[in-house]
Amino acid sequence: FQVIPVTNNTGLVQWVHNTKPLKTILSDEDRKGLRTTRGKVTGKTSMQQAYERWESFLKGKLPANEALQTGWRYINERISREDMTSNFDKTKEMVRWDLLRTGILSLAAGPESYLAIRSQFARTIAIFNVCSYILGIGDRHPDNYLIDCKDGGVIGIDFGYSFGWGLLLPAPELV
């Protein structure tokens with residue numbers, strides 16, 4: 001897609017048709033397993049539950065008046081590697097194991113197109129992540145990947161903390 005720089009901090013980005021953020025695809029798929037009452041979804045998705053658990057774990061390690069958004073500088077000081085890894089593994093187990101697979105499957109019209117979409121997704125997300133690592137682009141999460149709903153290609157978006165800007169944050173964001 002095309003980007004036209006306007007100033008050092010802003011630019012115009014081309015609209016990319018037939019795309020959805022990866023998080024939207026995963027969330028939509030995760031909601032399919034929830035019950036509905038009178039047309040409204042009841043309960044929380046596995047992704048919501050996992051996020052709340054992880055957020056609660058991290059907040060419990062910060063000083064009482066410190067917000068999670070600014071408290072990242074304390075994380076390495078207050079949480080051991082073993083504690084972080086153990087809690088991450090427990091949180092990860094809360095999310096449906098097949099969520100990405102079924103999300104990609106939801107884009108496909110049949111088995112052949114599923115294989116093509118899955119292959120294109122795997123190839124382009126791998127290439128994008130290697131390039132992001134080499135260029136030092138942080139802030140990568142499911143909202144920052146657009147997925148082409150026709151072929152599964154990955155398009156990276158939101159480069160606000162790219163090319164060294166993330167290093168200026170209280171806790172540097174790296175891939």
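This talk walks through the packing inside one predicted model.

Let me start with the core. The largest nonpolar core has 17 residues. Those with the most contacts inside it are Leu-22, Leu-107, Phe-121, Tyr-145, Ile-147 and Val-154. Where do they come from? Helix 1, residues 22–31, helix 5, residues 99–105, helix 6, residues 111–135, and strand 6, residues 145–148, each supply at least two residues of this core. Helix 6 gives the largest share, five residues.

Take Leu-107. Set aside its neighbours within four places in sequence, and Leu-107 is in contact with Ile-25, Ile-117, Ile-147 and Cys-149.

Now strand 6. Are its faces covered or open? Both are covered. Tyr-145 and Ile-147 are buried on one side, and Leu-146 and Asp-148 are buried on the other. Strand 6 also has partners. Strand 3, residues 19–21, runs antiparallel to strand 6, and three bridges join them. There, Thr-19 stands opposite Asp-148. Strand 7, residues 154–156, is antiparallel to strand 6 as well, again with three bridges. Leu-146 has Ile-155 as its bridge partner in strand 7. The hairpin of strand 6 and strand 7 has five residues between the strands. Within this hairpin, Gly-152 takes a positive phi near 85°.

Next, helix 1. Which of its residues are buried? Leu-22, Ile-25, Leu-26, Ser-27, Glu-29 and Asp-30. Note that Ser-27, Glu-29 and Asp-30 are on that list along with the leucines and the isoleucine. What covers the buried residues of helix 1 includes strand 3, helix 2, helix 5, helix 6 and strand 6.

On to the aromatics. The count comes to three aromatic pairs. One is Trp-54 with Phe-57: the ring centres are 5.5 Å apart and the planes sit at 40°, so this pair is tilted. Both residues lie in helix 2, residues 46–59, three residues apart, about one turn of the helix. In general, an α-helix has 3.6 residues a turn, so residues three or four places apart point the same way. Phe-57 is buried, with a relative accessible area of 11%.

Another pair is Phe-128 and Tyr-145. This one is edge-to-face, at 5.7 Å centre to centre and 80° between the planes. Phe-128 lies in helix 6 and Tyr-145 in strand 6, so the pair ties together parts that are 17 residues apart in sequence. Both partners are inside. Phe-128 is buried at 15% relative accessible area. Tyr-145 is buried at 7%.

The largest cavity has a volume of about 30 Å³. Its lining is Leu-22, Ile-25, Leu-26, Leu-100, Gly-103, Ile-104, Leu-107, Phe-121 and Ile-147. The elements that give two or more residues to this lining are helix 1 and helix 5. Look back at the core here. Leu-22, Leu-107, Phe-121 and Ile-147 line the cavity, and these four are also among the residues with the most contacts inside the largest core.

Definitions and conventions:
Residues are numbered from 1 along each chain as its sequence is written. This is a predicted model: local features need pLDDT of at least 70, side-chain atom pairs count only at pLDDT 80 or more; totals for chains, interfaces and linings use all residues. Side-chain values use heavy atoms; hydrogens and water are left out. A nonpolar core is a set of buried Ala, Val, Leu, Ile, Met, Phe, Trp, Tyr and Cys residues joined through side-chain atoms within 4.5 Å. Buried means under 20% relative accessible area, exposed over 50%, partly exposed in between (1.4 Å probe, protein chains only). Helices (H or I, at least four residues) and strands (E, at least two) are DSSP runs, numbered from the N terminus. Contact means heavy atoms within 4.5 Å. Rings of Phe, Tyr and Trp (its six-membered ring) pair if their centres lie within 6.5 Å; planes under 30 degrees apart count as stacked, over 60 as edge-to-face and the rest as tilted. Two strands pair if DSSP finds at least two bridges between them. On a 1 Å grid over the protein atoms alone, a cavity is a set of points where a 1.4 Å probe fits but cannot get out, and a pocket is an open set with protein on both sides within 12 Å along at least five of seven lines; lining residues have an atom within 4 Å of a point. Grid points are joined across faces, edges and corners, and a volume is the space filled by probe spheres set on the points.
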